[in-house]
Amino acid sequence: MQPSPQGATEIDPVSPQPPLDQNARSSNSKSPFQLALRRFLNNKLAVLGIVVLLTIILASIFAPLLTDLDPTKSDLMKIENGPSSEHILGTDGSGRDNFARLLYGSRISLIVGFSAMLFTLIIGVTLGSISGYYGGKVDSLIMRFTDLVLALPFLVLALTIIALVPTITTALFVCIIALTIWPNLTRIIRGTFLSLREQEFVLGARAIGASDFRIIFRHFIPNAIGPIIVNATLMMAQMIIIESGLSFIGMGIPQPTPTWGNMLSEAQNIRILRNHPEAWIPPGLGIFLTVLSINFIGDGLRDAFDPKSNKR
Amino acid sequence: MTNPAVLSVEDLKTYFYLENSNIAKAVDRVNFSIHPGETVALVGESGSGKSITSLSIMQLIDKPGKIVNGSIQLEGRELVQLSNRKMTKIRGKEVGMIFQEPMTALNPVYTIGNQIIEVLRKHKKISKKDARKQAIELLKTVGFPRAEATMKEYPHQLSGGMRQRVMIAIAISCEPKLLIADEPTTALDVTIQAQILDLINEMKKKFNMAVLLITHDLGVVAEYADRVLVMYGGQIVEQGTKRQLFKSAKHPYTNGLLESLPSLDQSSDRLGTIKGTVPAADNFPEGCRFSTRCPHVMEKCIKTNPDILSDDSGHGVRCFLYEEEEK
């Protein structure tokens, strides 16, 4: 932060001391966000989660560098082969390389998880903010609507939409998940806003002439950022599980697109389950590690934003 | 008092429509005006409608409350019918407000500097750099010696008194014509109270503001107010200059308040009290609102509510006891 000429003045014997002291003091001011970050970095499990998740993300980004093989290319001469020097995790029922599918499959899981989370966040923050800030009739209307969506059984709804649509793309899949999950986040944000609305600084903000829009974006959302980030993170883990689950029962993103869920669905075959653990253990482990690390990060974030929750 | 009033409130009624379809008349037919450079104290117990009066002036009454009737004029401009959009340009700029609870009145996630700059940039069209300079100046004005460092600090790093100074800096940042101080010292130490009130007084003189000081502390009134309005049950029951009120209080309620103060001259074992409690705002008596607790209650007090009657010097009282002598 300090400009480099500071170094030059240190040699200067007449340089006054007080400004330095003042700077030292002001650099001690940590924003609540910085304080949370420091608490987060002290949480070993959460940092471990970050390391594991980063490894998985890097592996998915640099998948083309880690394998030369095309994950969608079938080789009918090599169906259900065991591990070999060419295919280190063997091949699947259509002769596609399992290792390449594992690497590329992580992309789908992460993209679906992340974009569904982002989409849910947009719907949730918008509706939750309006509902919590304005209250009254608007609030009742939005809340009854969320009740309605919550009352619909998720799986039945998702399966119906998937069955009706001829081809499922990743984007469509994300929309289906997000459109059925958003009520949870909306309710959480509404609740946070309702409690914030009673804080006196909101009255203070109104008394200095801040508009509704400004109060929501400048004063409410920064104060609600803790619960929002925490829930969004944990939600992402949930989305990845949903994606894998639907793919596993064959209602997810269709073959030959590699996803971890699709790879696991191979294990529905008892022969593969018994003879080729190298085909289904890695994607299973992939889902497990991704979800676990995201949950660790989510827990770490929750403790970081709300230090009281950490007292045992 | 030749110059026109900064604020004149006429026949203000703010009612709350409760869920059990009762109407709480939190502010009922209130009239007063404030002139430049004048401090008017609004005194009363909890629930007497002081804060609702101040929020009505700011047009910050939320549902289920509503300003039913009356006019609030700021330098001749009517505020009651003003759209919310136009009102946001007046709040903070022409009317500044200081709150009771400095601990929660600042947003915990922004630095002090950010919060002052926000107001300055909202109401004045100035660059970020200029706003920063002005914010530092403001902090120095309200008594922060190391203003630059304070700019970067967060509310949790400051004490209550310091936060109240920041609130004052925010309230006066756009040199408002009217400053509303809603119990500015209630949450503070006695030693800090005097400093904060002195600061408000100093700022009043510097910017020739009108100050509406809301308090239940008669000591504060005696020290800082020019004129006093005593509120009870949503109505002004007595109004006059500070001297008139302390030397020749008329209304039984005002007398009750004064008797409940400890005095250095006479030592009595027990302080005077006013029997009973303030009736709920949705259940005021039909006649005089103080009739349920008044030691001098008469038959007609229970049936009809007296009007406020003023003598030539402007000392007004809402009580039948003084009706005869006026006539």
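A residue is buried if 20 or more other C-beta atoms lie within 10 Å of its own, exposed if 12 or fewer, and partly exposed in between, with C-beta atoms placed from the backbone. This is a predicted model: local features need pLDDT of at least 70, side-chain atom pairs count only at pLDDT 80 or more, and totals for chains, interfaces and linings use all residues. Residues are numbered from 1 along each chain as its sequence is written, while chains are lettered from A and ligands numbered from 1 in the order in which they are written.

**View 1. Strand β6 of chain B is covered on both faces.**
Strand β6 spans residues 95–98 of chain B. (Strands are DSSP runs of E, at least two residues; helices are runs of H or I, at least four; both are numbered from the N terminus.) Val95(B) and Met97(B) are buried on one side. Gly96(B) and Ile98(B) are buried on the other. β6(B) runs parallel to strand β7 (residues 178–182) of chain B, and 4 bridges join the two. Gly96(B) has Leu179(B) as its bridge partner in β7(B).

**View 2. An open sheet of 8 strands in chain B.**
Two strands count as paired if DSSP finds at least two bridges between them. The strand order is β6-β7-β8-β3-β9-β10-β12-β11, with mixed pairing. Strands β10 (residues 235–241) and β12 (residues 316–317) of chain B are antiparallel, with 2 bridges. There, Gln239(B) is the bridge partner of Gly316(B).

**View 3. The β1–β2 hairpin of chain B.**
Strand β1 (residues 7–17) of chain B runs antiparallel to strand β2 (residues 23–34) of chain B. The two are joined by 8 bridges. Thr14(B) has Val27(B) as its bridge partner in β2(B). The hairpin has 5 residues between the strands, and Ser21(B) takes a positive phi near 60°.

**View 4. The largest nonpolar core, with Leu178(B) among its residues.**
A nonpolar core is a set of buried Ala, Val, Leu, Ile, Met, Phe, Trp, Tyr and Cys residues joined through C-beta atoms within 7 Å. The largest has 97 residues. Ile168(B), Leu178(B) and Leu229(B) have the most contacts inside it. Helix α6 (residues 160–172) of chain B supplies the largest share, 7 residues. Two residues are in contact if their C-beta atoms, placed from the backbone, lie within 7 Å. Leaving aside residues up to four places away in sequence, Leu178(B) touches partners including Val6(B), Leu7(B), Ile34(B), Leu74(B), Val95(B) and Met209(B). A second, separate core has 58 residues, among them Phe99(A), Leu103(A), Ile176(A) and Ala224(A).

**View 5. Leu106(B), a buried loop residue.**
Leu106(B) sits in the loop between β6 and α3 (112–123) of chain B. Leu106(B) counts as buried because 24 other C-beta atoms lie within 10 Å.

**View 6. The contact between chains A and B.**
Chain A contributes 20 residues and chain B contributes 28. α2 (18–26), α10 (200–207) and α11 (212–248) of chain A each supply at least two residues of the chain A side. α10(A) gives the most, with 6 residues. The chain A side divides into 6 nonpolar, 11 polar and 3 charged residues. (Ala, Val, Leu, Ile, Met, Phe, Trp, Tyr, Cys and Pro count as nonpolar; Asp, Glu, Lys and Arg as charged; the others, Gly among them, as polar.) The model scores ipTM 0.72 and pTM 0.73.

**View 7. Chain A and its annotated spans.**
Chain A has 14 helices and 0 strands. Of its 312 residues, 38% count as buried. An unreviewed UniProt entry places "domain: ABC transmembrane type-1" at residues 106–298 of chain A. UniProt positions follow the numbering used here, feature names are shortened, and annotations may be inferred rather than shown by experiment. That span is 84% helix, and its end C-alpha atoms lie 20 Å apart. The unreviewed entry also gives "transmembrane region" at spans including 108–136 and 229–253 of chain A. Residues 108–136 of chain A are 97% helix, with end C-alpha atoms 41 Å apart. For residues 229–253 of chain A the values are 80% helix and 27 Å.
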